[in-house]
Amino acid sequence: MPIHVRLLSGRTASVDCNQNNFVYDLRRTAEKELGVGIASLSSRSKVLSGTSTLAEAGLQDGDTVNALVRRPTLTSNIRSPTFVLIEADGSLLAWGAQTAWQPPCFQQAASSAEGTWAAVREIGDVMTWGEPNHCDIRLVQDRLRKVQEVVATGHAFAALTEDGDVVTWGHIVSGGESVSVRDKLHAVQQISSSMHAFAAVRRDGTVVTWGEAESGGDSSKVKDQLQRVKQVIGADTAFTAVRVDGTVVTWGDDAGGADSSEVQRDLFAVKQVVASFYAFAAVRKDGCVVTWGDAAAGGDSSTVQDQLHEVRQVTASSYAFAAVRQDGTVVTWGDAACGGDSSAVRDQLQGVREIAASSQAFAAIRDDGSVVTWGNKASGGDSQRVQPQLHSVEQIQGSRGAFAALREDGELITWGHAAFGGSAPPGRKPAGRLIDAA
């Protein structure tokens with residue numbers, strides 16, 4: 001039976017298939033016909049699961065489905081020594097402390113602090129590589145089906161399936177063992193992590209935690225408050241939950257951001273929370289910012305509080321924060337050695353669109369696609385070597401000690417510490433700009 005796959009531009013491919021084919025088979029064939037990577041297919045305003053058959057998805061002879069074009073995606077975090085780039089065709093390239101290439105089939109990836117990676121393939125299973133010492137997947141491999149996302153602590157992983165179930169593996173102390181809460185890990189919609197614990201938000205708004213108690217794995221003291229939660233954010237040793245009404249609940253190590261008592265009166269109408277290693281910053285709907293936790297890690301913003309208004313985005317390095325205001329200017333605070341002092345580039349921080357962070361530096365993309373960096377030079381704060389190449393930049397991602405940027409033409413630019421991904425992977429050919437967008 002023919003199924004018609006249509007891009008938003010109107011360009012369409014007709015694919016011959018049968019109802020026993022999987023949705024990812026349909027997607028793969030359509031990609032070849034249309035010459036673009038496809039992130040997802042939808043029908044009747046519903047995104048189709050790649051692991052469903054066409055019959056299970058309710059598709060019939062002659063139906064038309066809409067295709068969302070996939071853009072290349074950079075992935076890393078300020079604890080990871082490695083970058084991963086998932087290309088538009090779904091192929092995966094890793095570089096830094098670990099180097100790997102995998103053929104087209106990947107959707108999402110996450111890294112532990114030690115550099116072990118777990119990646120979700122389009123068929124719904126998980127592949128791992130890197131340091132296997134604490135993250136051996138073999139004991140749970142048969143349970144990793146229809147996975148939609150993986151999340152990492154320092155030495156463990158949690159996989160969220162399409163059904164809302166959770167599968168964990170890795171070091172017990174870091175949350176790799178979840179037997180004690182397994183009966184509660186269902187109907188989960190989001191998973192967050194600290195360095196050694198996980199927190200799962202269920203569809204009913206309650207929260208389940210496990211892992212090292214001192215890192216937020218024990219939330220029993222605030223259990224009654226963890227109702228109607230919509231999101232949880234993790235620092236190294238604490239968690240913050242944002243409730244539907246915009247109020248906030250914190251738990252874990254008091255010194256690491258779990259004690260928000262001094263600012264609770266200001267924590268209302270919260271729309272975003274960001275964490276450094278040991279502090280949190282909350283952006284309210286009115287554009288004001290509230291901070292708490294270790295003062296040395298950005299928990300004290302009193303020196304710049306009068307500038308923290310009309311803020312639209314906050315980003316964190318290990319011990320500092322950077323806020324982008326509505327007018328495109330930037331405010332920074334926290335440890336100067338980790339990007340908390342941006343005075344050297346203040347005049348350049350105009351028309352800023354967004355900011356990315358490595359562990360000790362920041363990189364800002366301006367509206368014209370140029371890039372400004374500051375912070376620890378060895379961690380990517382110095383981009384002088386590649387500045388002529390940093391134009392028309394679409395996205396930037398930071399690792400533990402480096403940055404990677406993707407330009408509109410598909411070119412990949414890297415800088416910072418070579419051991420953490422600051423040297424570009426050899427042999428990559430840029431995919432080129434996608435003309436037929438979305």
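Q: Which residues form one aromatic cluster?
A: In this predicted model, the cluster consists of Phe277, Tyr278 and Tyr319.

Q: Why is the pair of Phe280 and Trp292 called stacked?
A: Ring centres must lie within 6.5 Å for a pair, and planes under 30 degrees apart count as stacked. The centres of Phe280 and Trp292 are 5.5 Å apart and their planes stand at 20°, so the pair is stacked.

Q: What makes this pair a tie between parts of the chain?
A: Phe280 belongs to strand β23 (residues 279–284) and Trp292 to strand β24 (residues 289–293), so the pair ties together parts 12 residues apart in sequence. Both Phe280 and Trp292 are buried.

Q: What makes the contact between Arg121 and Asp125 a salt bridge?
A: The criterion is a side-chain nitrogen of Lys or Arg within 4 Å of a carboxyl oxygen of Asp or Glu. The closest N and O atoms of Arg121 and Asp125 are 2.7 Å apart, so the contact qualifies.

Q: Why is Asp125 called buried?
A: Buried means under 20% relative accessible area. Asp125 has 14%, and therefore counts as buried.

Q: Why is Arg121 called partly exposed?
A: The class lies between the limits of 20% and 50%. Arg121 has a relative accessible area of 23%, so it is partly exposed.

Q: How do you know that Arg284 is buried?
A: Its relative accessible area is 10%, which falls under 20%, so Arg284 is buried. Arg284 also meets Asp286 in a salt bridge (2.9 Å, N to O).

Definitions and conventions: Residues numbered from 1 in each chain as written. Predicted model: local features only at pLDDT ≥ 70, side-chain atom pairs only at ≥ 80, totals over all residues. Heavy atoms only, no water. Phe/Tyr/Trp six-rings, centres within 6.5 Å; stacked < 30°, edge-to-face > 60°. Helix = DSSP H or I, 4+ residues; strand = E, 2+ residues; numbered from the N terminus. Buried < 20%, exposed > 50% of the residue type's maximum accessible area, 1.4 Å probe, protein only.
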